[in-house]
Amino acid sequence: MPSQRLPALTALRAFEAVARHGSFKAAAEELFVTPGALSQQVRKLEDELDTPLFIRRNRLIEPTPAGIKLRAALTDAFLRIREAVDGIVSSPDDDRIVVACGPPFAAKWLVPRLGKLLELNPDADIRVAANFELLEYDQHDIDVGIRFGFPEDAETGSELLHRETVLPLASPAFVERHRLREPRDLLRAPIIADGSMEFAPGSPDWARWFSEAGLAASGAQRGVNFGGHAEQAIDAAVAGAGVVLGRRTLAQWDIEAGRLVAPFGPELDTGLAYRLCYQRGGLQDPRVQAFRDWIVRELGAEGSVQD
């Protein structure tokens, strides 16, 4: 209720970091505190909300459905707070680089890898502007952006980075519990959907995937639909809520960490891609050039493409 007192900001920040990293240790390193201190903050938050936010299995932690919902809201909120603060304290001649992208890409791809970028560029001052709107870069002082759409939608100051695919993904525990060995096994398991690619006619969805697998989608169980929030759908799969037809680029961090596995194919081309965009002459700026080189290297390991 609006009249209720909000939980302490330190507890919310602690929970968001742990949920984003999937690890108390990694979150503690980011926030410069001990894992024990973070665990205590999260416990207090769970007690205050009177609901569990994590499922704890030995050293593995997974967010509950309530944790997934809270983490998505907090990640977006903290990004917006940082954007607002940076907008107040910024000056026209500072060294900050402003990076624009959609919230799913920010939450699932960019944010988890910012540590790598800062290790390579310790003096970098980065502002992430996460927004579903296609902002005018010159009007919002944006230096570089990552846009998701049709590969042929080229524009001045842009280059093709990476083509996107989708494939079934689930937590290892979910795969084992539901004995997912072949595509037809999905007919008896809950599935997770998102509408983040509905803007592109012909982009693959579950109906298309079942057809490609030679199965009738009508036999699939109902599950959860997250609308246009692909990052929430992936987080739900990590939490064991079902199998998501996930965008591989967004899920790669969780795949590499072992939080998600692909039990089988097929893997489908979406017909969509990520493009790096910048203002005219942007690559003459060493900050933009450094960011461009870094993201090309990072995506290169996942299969970058050239125009």
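**Close-up views of the predicted model**

**Surroundings of aspartate 254.** Not counting residues up to four places away in sequence, aspartate 254 touches Lys108, Ile234, Val238, Arg259 and Leu260, where contact means heavy atoms within 4.5 Å. The model is predicted, so that local features need pLDDT of at least 70 and side-chain atom pairs count only at pLDDT 80 or more, while totals for chains, interfaces and linings use all residues. Residues are numbered from 1 along each chain as its sequence is written, and side-chain values use heavy atoms, with hydrogens and water left out. Aspartate 254 belongs to helix α9; helices (H or I, at least four residues) and strands (E, at least two) are DSSP runs, numbered from the N terminus. The relative accessible area of aspartate 254 is 4%, and the residue is therefore buried. Accessibility is classed as buried under 20% relative accessible area, exposed over 50% and partly exposed in between, with a 1.4 Å probe and protein chains only.

**Helix α9 and its cover.** Thr249, Leu250, Ala251, Gln252 and Asp254 are the buried residues of α9. The elements that cover these buried residues include α5, β6, α8, β9, β10 and α10. After α9 comes glycine 258, which has a positive phi, near 80 degrees.

**Packing of helix α8 against helix α9.** Helix α8 comprises residues 230–238 and helix α9 residues 248–256; their axes come within 10 Å and cross at roughly 30 degrees. Axes are lines fitted to C-alpha atoms, for helices over the stretch in contact, and angles run from 0 to 180 degrees between N-to-C directions. The two helices, α8 and α9, are therefore roughly parallel to each other. Angles under 35 degrees count as roughly parallel, over 145 as roughly antiparallel, 65 to 115 as roughly perpendicular and the rest as oblique. The crossing of α8 past α9 is right-handed; the term applies if the near helix is turned clockwise from the far one by less than a right angle, and left-handed applies if anticlockwise. From α8, Ala230, Ile234 and Val238 make the contact, and from α9, Leu250, Ala251 and Asp254. The contact of α8 with α9 has 5 nonpolar, no polar and 1 charged residues by class. Ala, Val, Leu, Ile, Met, Phe, Trp, Tyr, Cys and Pro count as nonpolar, Asp, Glu, Lys and Arg as charged, and the others, Gly among them, as polar.

**Strand β9 within the sheet.** Strand β9 (residues 243–247) is mostly covered, with 5 of its 5 residues buried. Val243, Leu245 and Arg247 lie on one side and Val244 and Gly246 on the other, and both faces are covered. Strand β6 (residues 158–169) runs antiparallel to β9 and is joined to it by 4 bridges; leucine 169 has valine 244 of β9 as its bridge partner. Strand β7 (residues 191–193) runs parallel to β9, with 2 bridges between them, and isoleucine 192 stands opposite valine 244. The open sheet consists of 8 strands in the order β4-β3-β5-β10-β6-β9-β7-β8, with mixed pairing. Its edge strands, β4 (125–130) and β8 (224–225), each pair on one side only. Two strands pair if DSSP finds at least two bridges between them.

**Helix α5 between the sheet and helix α10.** Helix α5 (residues 103–120) lies across β3 (96–101), β4, β5 (144–149) and β10 (268–278), and runs at about 170 degrees to β4. Helix α10 (residues 286–300) packs with α5 at an angle of about 115 degrees, and the axes of the two are 11 Å apart. Helices α5 and α10 are therefore roughly perpendicular to each other. Their crossing is right-handed. On α5, the contact is made by Phe105, Trp109, Leu110, Arg113, Lys116, Leu117 and Leu120, and on α10 by Phe291, Trp294, Ile295, Arg297, Glu298 and Leu299. By class, this contact of α5 with α10 has 9 nonpolar, no polar and 4 charged residues.

**Serine 23 in the loop between α1 and α2.** Serine 23 lies in the loop that joins α1 (9–21) to α2 (24–31). With a relative accessible area of 23%, serine 23 is partly exposed. Apart from its neighbours within four places in sequence, serine 23 is in contact with Val18 and Ile61. Proline 35 is 12 residues from serine 23 in sequence and 8.9 Å from it in space, C-alpha to C-alpha.

**The chain as a whole.** The chain has 10 helices and 10 strands. Of its 307 residues, 47% are buried.
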